[in-house]
Amino acid sequence: MMQNSKSIPSLEFDWSFLDSQVVGKEHGVDQSELGKYLSEAEQAWHKIIESRDKCQLAFWNILQSDSVIKEVRGIKEIILRKNWESVLLLGIGGSALGATAIFKALRHPFHNLVYTPRFFVMDNIDPVTFGALLDMINWESTLVIVISKSGTTAETMSQFLIVKERIKKAIGINAIKDHIIVITDPSKGILRSIAGAMDIPSCTVPPLLGGRFSVLSSVGLVPALCVGVDIEALWQGAVMVADTIDRLDFMDNPVIKTSLYQFVFDREKKKPIHVYWAYADGLYYFADWLRQLIAESLGKIKPDGSFVGITPVKALGVTDQHSQLQLYREGPNDKVIIFLGVKHWNCDVKIPQPEEGESALEYLGGHTLGELCHAEQYATACALAEAGRPNMTVWFPALDPFTLGQAFFIFELQTAFMGFLYGINPFDQPGVELSKMMTYGLMGRKGFEEYAAMVRNFARWKR
Ligand code: PA5
């Protein structure tokens, strides 16, 4: 990305293996096919810029002032007041995936075995896992970050009630405000009221900022700060792109170009499955974050009753070459592969020269694991292209906070832009509501009896 900027390390996009000249006319896309949707793309981009300028594009607007980063800096003192042994994040979906992506990309791969504070993200309510965590946590030396934009989510609120009681029992009611930080809407939701009533320190999630677009707010930055990530660099990476991206020529804008390709593959080439194939362990959870961002933002019913959305899939290189590649190369040609690669490894490991009797392994000796990883990534891209399977690569120059900040913003922007291109609202998620209501009904929440009845009606069909 932004190849014109030499002094600042930036993401690079390589679209060459999407082209019909490489993967064939039937499965590739040529410039004229992209051109067909140019006017729709121009309208969608216009809507993006207009929304930003009207302060209706929260994930971009938060980068245009320093209020978010200032608020996070403000909470630093509370976080650093003690040498915490553990930091526990309670949250789900957009309130957890960004923090996990940052932690996995930027901290030591075995952080919890080597460093403190250990970091635990509880984004599920499996009682076995949660119970096991409760058994091993020392509340005296644990900081809990409770994140819920709505401040009402049943999963997070149940975890909160459990943890609050455990802290109270272990170290007393007065300790709650010293061991919990709440991140939620500035005024709405029960979590905000409880934080106020109990004097629990808190950060805000800007009202217009949805969970899956919130990684660059306190939702991602506070947990990142707790585990020692350079949040200033992360923030600056995002701001750098936010400040410059609309100055690029239309088709030089990697967000627009990548979106157009993905849109055309979905619409015209019968390829609705888009695989984000991370070729670095540190990027696997970035792919996980992206999977939610795309799925929840783009999978929608349009007002005319038609369905839209690409199905995002995540894969890990090189591991999934021994699991998914057979399917991707010879199974149904219904996919586009987007490789996420890292150019410079933060550390590399040399493969020694084989000893006597090991000559079959000579080709490996003297190389590094990083070289082998790159060779396998490129070989996989070529092998897919050879079989007429379109693929592209997004290169991270290195896995560092500045680059990751850029990547978060770029993919948020791309998702919002694609939403406008599809003609849907990328910022809502009406499809998740009914099961929530039914759960309330089943759990006996007042006012949700009709949903419990709906579930019972379905239960009739069970054999
Ligand atoms: O992206 C979203 O809006 C969702 O995935 C939410 O983040 C998720 O449902 C959790 O919601 P909340 O942060 O309100 O607890």
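Analyst: C203 has 1% relative accessibility, so it counts as buried (buried is under 20% relative accessible area, exposed over 50%, partly exposed in between, with a 1.4 Å probe and protein chains only). This is a predicted model, where local features need pLDDT of at least 70, side-chain atom pairs count only at pLDDT 80 or more, and totals for chains, interfaces and linings use all residues. Residues are numbered from 1 along each chain as its sequence is written, and side-chain values use heavy atoms, with hydrogens and water left out.

User: Which strand is C203 in?

Analyst: C203 sits in strand 6, residues 202–204. Strands (E, at least two residues) and helices (H or I, at least four) are DSSP runs, numbered from the N terminus.

User: And what does C203 touch?

Analyst: Setting aside residues up to four places away in sequence, C203 touches E71, I75, V182, I183, T184, R192, S218 and V222. A contact means heavy atoms within 4.5 Å.

User: How far apart are C203 and G189 in space?

Analyst: Their C-alpha atoms are 14 Å apart, and the two residues are 14 apart in sequence.

User: Switching to T393. Buried or exposed?

Analyst: T393 counts as buried, because its relative accessibility is 9%. T393 belongs to strand 12, residues 391–398. Apart from neighbours within four places in sequence, its contacts are E12, F13, D14, F339 and Q377.

User: OK, whole chain now. How many helices and strands?

Analyst: The chain has 20 helices and 12 strands. Its radius of gyration is 24 Å, close to the 23 Å that the globule rule gives for 463 residues, so the chain is as compact as a globular protein of that length. That radius is taken over C-alpha atoms, and the rule is 2.2 Å times the number of residues to the power 0.38.

User: What does the C-alpha trace span?

Analyst: About 65 × 65 × 55 Å along the principal axes.

User: How much of the chain is buried?

Analyst: Of the 463 residues, 52% count as buried. Among contacts between residues at least 6 apart in sequence, 75% join residues at least 24 apart.

User: What about confidence? What does pLDDT average?

Analyst: The average pLDDT is 95, and 98% of the residues score at least 70. pLDDT is the predictor's confidence in each residue, from 0 to 100.

User: Where is the pLDDT below 50?

Analyst: Over residues 1–7, a stretch that has 16 contacts in the model beyond near neighbours in sequence.
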